[in-house]
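Let's take a look at how some side chains pair up in a protein. Have the viewer open and follow along.

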Amino acid sequence: MKHRGRHRRRRRGRALRATLAGTALALTAAATLISASQATVADAPGALKPVSATDGAGRLPLAEHRVPGRWLDRLASEMGRPVGVGTVLESADAPLREAADCPAPEKDSLPVEPSATRAYCFGDSGTRGWRAGAVTTSGDADDDGRWGANRVILSGWTRGAEGGSLDGPAPGQGLAKVAFVDANDPGALRYTWALLAVPVDGGRDYRGLVSPVSGMVWYQDKLLVTTREDDRNALYVYDMDRIQRATVESDAVGRVRGGWAAHGSRFVLPAVGSYTLPGGDDAARPATVSLDRSTSPDSLVAGEWVPADGDRRSRLWRYALSRDPARSGLLATDSSGDADPVEAYETKTADVRGVLAHRTGWYLDRASGSPGGHGTLWRQDTDGARATECGTDETRHCWSGRSGSLSYWEETGEVWSQAGRMLFALPLASIDRALG
């Protein structure tokens, strides 16, 4: 009797939360149809398994490399004095629409339980032919939630049709760019674009970063971005005070007749460094990353991508961030220039598209197993795993469709993510309450 009573109370609690939500956004999410393929409750992945971070499966040293300063200086002398985030935001003139004005198919990708409390959609301005990826914010950059006087959201995008492959560096295919979103007014978000690039030829030119943007963290003055599988670099590093202006409107990338082009973007972020993977074709690599401010020092957490039909567990890592003022925004490294993980785990959760760690919990965003379906958000620790339930059949497929990375804005208590063209947020506390 106690067992049945507890489930009745849980159902009444969920119904009450849905009633209290009372907004068009919540109603849209709650009305999302759960497909038959989603109805089967996924097997729980169980507890995280700690593994050695210095030996075996958990070891993943990342070797730090810097782009020579003379390369960056030469590029700046040719392109003009670098600008900062505030200058970029002054050019943000493309509006994001609030959820009520977004197309129904886009809103269908929002979480069902718990529902988003804020949501926006990108229009066609700069997104046609591009697919959304990782999200980070000024809440990662600084603990007061602002960069200077501004609240900012960064949304990563990759050139290529939704669901298409990124097998080759064909012109324009696979390029990566970031939407700089002015989030100072929650009712009027606006954005502009910056292309991610890599200096070449001694700083006389740059090429576009050809990679899906599946993970991204803005910490202090650096932006760390994950890279594609055939790149020995696990992360590229960008300096948020070294943003260059593009001077020619063109689909080309780099030096062109009359100036510099960035495939239509107004700004360019040239890489200032990278973190290289150890050798070997079977070396693990971070596919998604986020910032954890609940540790001392602050840390970068990373998760690899293992397909749902893979024959091994997914791995998670934690890296300490440097406290050295001369190394702002970079990982802590040893005397050899290697950043070694300080923690490592294995999890049975596969197809992980987003990872977030806060205090003792790890939140893993697992993608949907069917087109148009919803994913699952698991909270795991070394004791077990939980996920929210939704729908009349209490399925666990309650998270966003087309799952993206996770970013916790500590100052507001919100988790930000992206599903397709939808950018959304909800309190971390509401996720924990829904997990029971």
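What follows is a short tour of the disulfides, ring pairs and charges over rings in this predicted model.

Start with the sulfurs. There are two disulfides here, and if you number the bonded cysteines in sequence order, they pair up as 1-2, 3-4.

| Disulfide | S to S | Torsion about the S-S bond |
|---|---|---|
| Cys 102 to Cys 121 | 2.2 Å | -100° |
| Cys 390 to Cys 398 | 2.3 Å | about -105° |

The link of Cys 102 and Cys 121 is left-handed. Cys 102 sits in the loop between β4 and α5, while Cys 121 belongs to strand β5, so you'll find the two 19 residues apart. Both of these cysteines are buried. The Cys 390 and Cys 398 disulfide is left-handed too, given its torsion of about -105°. Cys 390 and Cys 398 are also buried.

Now for the rings: the whole structure holds 10 aromatic pairs. One of them is Phe 122 with Tyr 191, which counts as edge-to-face because the planes stand at 65°, with the centres 4.9 Å apart. Phe 122 is in the loop between β5 and β6 and Tyr 191 is in strand β9, so this pair ties together parts 69 residues apart in sequence. Both Phe 122 and Tyr 191 are buried. Ring pairs also join Phe 122, Trp 157, Tyr 191 and Trp 193 into a cluster.

Which rings does Lys 177 sit over? Lys 177 lies over the face of Trp 130, 4.0 Å from the ring centre, and its charged end sits over the ring of Trp 193, 3.9 Å from the centre.

How values were computed. Residues are numbered from 1 along each chain as its sequence is written. This is a predicted model: local features need pLDDT of at least 70, side-chain atom pairs count only at pLDDT 80 or more; totals for chains, interfaces and linings use all residues. Side-chain values use heavy atoms; hydrogens and water are left out. A disulfide is a pair of cysteine sulfur atoms within 2.5 Å. Helices (H or I, at least four residues) and strands (E, at least two) are DSSP runs, numbered from the N terminus. Buried means under 20% relative accessible area, exposed over 50%, partly exposed in between (1.4 Å probe, protein chains only). Rings of Phe, Tyr and Trp (its six-membered ring) pair if their centres lie within 6.5 Å; planes under 30 degrees apart count as stacked, over 60 as edge-to-face and the rest as tilted. A charge sits over a ring if NZ of Lys or CZ of Arg is within 6 Å of the ring centre and within 35 degrees of the ring normal.
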